Amino acid sequence: MTATTLPEAALGVLPRADGSARYSHAGYTVTASVNGPIEAQRRDEHAYEAHIDVIVRPAAGVGGTRERHLESILQSSLAQIILVKNFPRSLIQIVLQVEDSPENDYVNTKLVQASLNFAIMPALMQTAVLALLSAAVPMRATATATAVAIMHQDGAKQTVVDPHPRDIEKAQSVHVLAFTSHDELLLAESEGDFTVKEWDNVYETARGICCRSPPQAKEGMAMLLDDESTGGPDMRQFLRSTMGFKVAADLHWK
Amino acid sequence: MSNDRLFVLPGETIDPSLIPSHPKNPLRLGPGLRHIPPSDIVPTVAGQLITNPVKNFMSIEYNSTHYIPSQGDIILAQILRSTTDFYLCSLAPYTAPATLPHLAFESATKKTRPILSPGQLVYARVSLANAHMDPELECVHASTGKADGLGPITGPGCVFDVSLGFARRLLMARAVEDGGVGVLDMLGGEEGGGLAFETAVGRNGRVWVGSDNPKTVVIVGRALQETDRSRLGMERQRRLVKKLVREMRWRD
């Protein structure tokens with residue numbers, strides 16, 4: 001079934017990069033480095049905005065079409081939240097190295113290359129955002145992402161948050177959604193058969209995970225109960241506390 | 001000085017009650033904030049919100065390693081090459097070079113100007129920083145014509161890289177009280193046995209340490225980097241300085 005572990009993250013793990021993060025959640029571990037804004041190569045140079053270069057490296061072997069596809073999706077999402085207009089003619093390089101995944105990468109998966117690896121997308125997105133924050137790259141907003149699958153179980157349809165690759169194989173449809181911290185939908189990728197109503201359900205579930213309002217509005221006990229009812233981790237709170245620790249450590253002298 | 005300290009993430013709304021409102025002075029925004037007309041002030045980086053109602057000023061305090069030039073910063077630049085009218089200098093690795101005009105030195109004329117070779121260091125001020133242009137430097141105060149300590153760096157020494165936040169702390173007028181960095185004072189004072197050295201701190205995260213004794217240069221540089229990376233407090237800085245100086249004495 002789903003991995004119910006809470007997300008974990010460490011910032012600044014690579015000392016020579018401008019910013020870096022290691023993030024693990026739902027069986028995936030991804031390390032990201034961010035460098036920038038640096039001088040762009042002539043062919044990547046854009047007169048009015050920064051070029052965002054996303055590189056995804058798989059846990060085993062070299063990247064192929066699948067990784068290029070992931071890169072293009074991440075690139076267009078991240079370009080929305082980074083203030084690219086602030087740094088014309090420059091480059092912001094984001095390298096995402098997959099370190100660990102629940103599926104066996106050594107098994108030849110070339111046959112299913114055309115399909116998108118949905119389960120890893122939230123981990124990649126989240127790591128990239130954490131690394132960007134750690135590099136202090138100016139951003140419009142932060143982002144949180146999650147994957148949701150719709151499965152047929154015991155004759156009823158079930159929504160599974162952060163599905164395992166094996167669940168994805170059996171799932172009717174899989175969706176990846178990302179939201180900015182302004183509750184705007186940033187990324188929506190879907191695969192499989194689903195109705196509009198099902199998609200609406202998925203949207204609400206993902207929104208509950210990515211865009212939960214800060215807990216201080218509720219009382220302690222109600223919050224605990226609420227956590228159980230919605231299911232899945234509170235990504236926004238996780239991002240905030242991770243960054244809060246980093247900033248507090250950086251400003252220990254204050 | 002500043003009263004309210006609040007952790008913010010990019011794009012979070014700042015409570016309007018925290019934004020200082022001075023009846024006369026215009027509001028000044030420091031690094032990490034952007035103004036979206038008409039009246040929104042939004043953080044762009046993760047950090048601590050600093051507000052100063054007296055100066056009507058607000059900014060975000062954060063630490064990073066990649067220098068983005070901004071006007072008025074005092075930086076340590078390295079000459080890359082010379083062209084007919086200016087020197088091209090590097091402020092940070094892999095960024096577009098900054099220009100330093102040949103005549104932007106104290107009492108420089110077309111005939112008498114400092115001849116700098118590639119690799120040499122200059123202590124300069126950023127006179128122009130603009131997203132669409134390469135940054136411009138100067139080693140002279142534009143209105144007074146005085147160098148005020150800026151100019152080419154000569155003498156034996158070495159450059160050490162530190163984080164931008166640490167460089168900022170070193171540049172504070174009262175680095176020991178406000179910035180919590182006492183290593184330099186300690187090394188030159190009682191704990192360090194009065195080592196003789198000089199430093200030039202650039203806002204771009206570079207510190208030049210100069211001394212006739214190479215051992216002193218290495219010790220001062222290492223003490224600075226260690227204080228930065230291990231986030232040492234005052235007491236641990238003192239212990240570090242004592243340890244480094246003791247080690248140096250043993251090897252003599």
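This is a predicted model: local features need pLDDT of at least 70, side-chain atom pairs count only at pLDDT 80 or more; totals for chains, interfaces and linings use all residues.
Residues are numbered from 1 along each chain as its sequence is written, chains are lettered from A and ligands numbered from 1 in the order in which they are written, and side-chain values use heavy atoms, with hydrogens and water left out.

Me: Why are helix 4 of chain B and helix 5 of chain B called roughly antiparallel?
Reply: Helix 4 (residues 214-229) and helix 5 (residues 234-251) of chain B pack at about 155 degrees, with axes 10 Å apart. Axes are lines fitted to C-alpha atoms, for helices over the stretch in contact, and angles run from 0 to 180 degrees between N-to-C directions. Angles under 35 degrees count as roughly parallel, over 145 as roughly antiparallel, 65 to 115 as roughly perpendicular and the rest as oblique. The two helices are therefore roughly antiparallel.

Me: Which residues of helix 4 of chain B meet helix 5 of chain B?
Reply: Contact means heavy atoms within 4.5 Å. Among the residues that meet are Ile219(B) and Ala223(B) in helix 4 of chain B, and Leu240(B) and Leu244(B) in helix 5 of chain B. The residues of this contact divide into 6 nonpolar, 2 polar and 5 charged. Here Ala, Val, Leu, Ile, Met, Phe, Trp, Tyr, Cys and Pro count as nonpolar, Asp, Glu, Lys and Arg as charged, and the others, Gly among them, as polar.

Me: What makes helix 1 of chain A oblique to helix 2 of chain A?
Reply: The axes of helix 1 (residues 65-81) and helix 2 (residues 121-134) of chain A come within 11 Å and cross at roughly 40 degrees. That angle makes helix 1 of chain A oblique to helix 2 of chain A. Their contact includes Leu70(A) and Ile73(A) of helix 1 of chain A, and Leu124(A) and Ala128(A) of helix 2 of chain A. By class, this contact has 11 nonpolar, 1 polar and no charged residues.

Me: Why is helix 2 of chain A called roughly parallel to helix 6 of chain A?
Reply: Helix 2 of chain A and helix 6 (residues 235-250) of chain A pack at about 30 degrees, with axes 11 Å apart. That angle makes helix 2 of chain A roughly parallel to helix 6 of chain A. Val129(A) and Leu133(A) of helix 2 of chain A and Phe238(A) and Leu239(A) of helix 6 of chain A are among the residues that make the contact. It has 7 nonpolar, 3 polar and 1 charged residues.

Me: Why is the pair of Trp199(A) and Tyr203(A) called stacked?
Reply: A search of the whole structure finds 4 aromatic pairs over all chains. The rings of Trp199(A) and Tyr203(A) have centres 5.5 Å apart and planes at 25 degrees, so the pair is stacked. Rings of Phe, Tyr and Trp (its six-membered ring) pair if their centres lie within 6.5 Å; planes under 30 degrees apart count as stacked, over 60 as edge-to-face and the rest as tilted. Both residues lie in helix 4 (residues 196-210) of chain A, 4 residues apart, about one turn of the helix.

Me: How do you know that strand 6 of chain A pairs with strand 8 of chain A?
Reply: Two strands pair if DSSP finds at least two bridges between them. Strand 6 (residues 143-153) and strand 8 (residues 173-180) of chain A are joined by 8 bridges and run antiparallel. Thr144(A) stands opposite Phe179(A) in strand 8 of chain A. Helices (H or I, at least four residues) and strands (E, at least two) are DSSP runs, numbered from the N terminus.

Me: What makes strand 7 and strand 9 of chain A edge strands?
Reply: In chain A, 4 strands form an open sheet in the order 7-6-8-9, with antiparallel pairing. Strand 7 (156-161) and strand 9 (185-192) of chain A each pair on one side only. The twist averages 15 degrees from one strand to the next.

Me: Why does strand 13 of chain B have one side without a neighbour in the sheet?
Reply: An open sheet of 3 strands has the order 13-15-14 in chain B, and the pairing is antiparallel. Strand 13 (157-161) and strand 14 (198-202) of chain B stand at the edges, each with a single partner strand, so one side of each is left without a neighbour in the sheet.
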